[in-house]
Amino acid sequence: MSLSESAPLTLDPRTLQLGGPQGRVDVTDPECNLLRALALSPRCRLDTPQLLAHVGKQDTPLGKRALEVQLVRLRKKLEQAGALPPTIKAIRGAGYLLCVPIQLTEPLNPSGS
C-alpha cells in the first residue's frame, strides 16, 4: 500500500491524540515523537539510530528492543484509529517506513522552537 491509498490520519502533538476514520486514540509522548519524525522525514523512512534519537534511547541492543516494542504498540494504535495494515514496515538494515499518511495539526516550525 502506498501513502496515497489510505485516508490520512491526524496527529496532534499538543493533545497526544491520533485521529482517523475509527476515532481518536491516545498516544504516548515517545509514540508521538516517532510518528512525527516518520511523517516529516523524506519518503517517510528513518533508520534505527535516527528513531532511537527521537525517543531518547541509546543505540544499544536494549534500546533497539525497546524501540521495537514501541513500534508494535504504535502499529496497533494506528489500526485502532482506522489505518489499514501495513502501517509501519521494518526494512532490514535500513530502518522503518511509515506506510500511512499522517497530517500534523501543528505548524512545522512552531514558535519558540
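This report describes the fold, sheet, helix packing, core and selected loop residues of a predicted model.

## Basis and overall layout

The model is predicted, so local features need pLDDT of at least 70 and side-chain atom pairs count only at pLDDT 80 or more, while totals for chains, interfaces and linings use all residues. Residues are numbered from 1 along each chain as its sequence is written, and side-chain values use heavy atoms, with hydrogens and water left out.

The protein chain has three helices and seven strands. Helices (H or I, at least four residues) and strands (E, at least two) are DSSP runs, numbered from the N terminus. Along the sequence they follow the pattern β-β-β-α-β-α-α-β-β-β. Of the 113 residues in the protein chain, 39% are buried; buried means under 20% relative accessible area, exposed over 50%, and partly exposed in between (1.4 Å probe, protein chains only). Contact means heavy atoms within 4.5 Å. Among contacts between residues at least 6 apart in sequence, 54% join residues at least 24 apart.

## The four-stranded sheet

An open sheet of four strands has the order S3-S2-S1-S7, with mixed pairing. S3 and S7 stand at the edges with a single partner strand each, so one side of each is left without a neighbour in the sheet. Neighbouring strands are turned by 25 degrees against each other on average, direction ignored. Two strands pair if DSSP finds at least two bridges between them.

S1 and S2 run antiparallel and are joined by three bridges, with Asp12 opposite Gln17 of S2. Their hairpin has four residues between the strands, and Leu16 takes a positive phi near 55 degrees there. S2 and S3 also form a hairpin, with two residues between them, and pair in the antiparallel sense over four bridges. Leu18 has Val25 of S3 as its bridge partner, and Gln17 stands opposite Asp26 in S3.

## The S5-S6 hairpin

Strand S5 (residues 88-91) is joined to S6 by four bridges, and the two strands run antiparallel. The bridge partner of Ile88 is Leu98 in S6. Three residues lie between the strands of this hairpin, where Gly93 takes a positive phi near 80 degrees.

## Helix packing

H1 and H3 pack at an angle of about 80 degrees, with their axes 10 Å apart. Axes are lines fitted to C-alpha atoms, for helices over the stretch in contact, and angles run from 0 to 180 degrees between N-to-C directions. The two helices are therefore roughly perpendicular to each other; angles under 35 degrees count as roughly parallel, over 145 as roughly antiparallel, 65 to 115 as roughly perpendicular and the rest as oblique.

From H1 the contact uses Pro30, Glu31, Leu34 and Leu35, and from H3 it uses Leu67, Gln70, Leu71, Arg73, Leu74, Lys77 and Leu78. By class these are seven nonpolar, one polar and three charged residues. Here Ala, Val, Leu, Ile, Met, Phe, Trp, Tyr, Cys and Pro count as nonpolar, Asp, Glu, Lys and Arg as charged, and the others, Gly among them, as polar.

## The nonpolar core

The largest nonpolar core has 28 residues, and those with the most contacts inside it are Leu78, Leu98 and Ile102. Such a core is a set of buried Ala, Val, Leu, Ile, Met, Phe, Trp, Tyr and Cys residues joined through side-chain atoms within 4.5 Å. At least two core residues come from each of strand S1 (9-12), helix H1 (29-40), helix H2 (48-54), helix H3 (61-81), strand S6 (95-98) and strand S7 (102-104). H1 supplies the largest share, six residues.

Val27 lies in the loop between S3 and H1 and is buried, with a relative accessible area of 6%. Not counting residues up to four places away in sequence, Val27 touches Leu11, Leu16, Gln17, Leu18, Cys32, Leu74 and Lys77. Thr87, in the loop between H3 and S5, is buried at a relative accessible area of 2%. With the exclusion of residues up to four places away in sequence, Thr87 touches Arg75, Leu78, Glu79, Leu97, Leu98, Cys99 and Val100.

Gln22 lies in the loop between strand S2 (17-20) and strand S3 (23-26) and is exposed, with a relative accessible area of 62%. Gln22 touches Gln80, Ala81 and Gly82, not counting residues up to four places away in sequence. Gln22 and Gly82 are 60 residues apart in sequence, and their C-alpha atoms are 4.7 Å apart in space.
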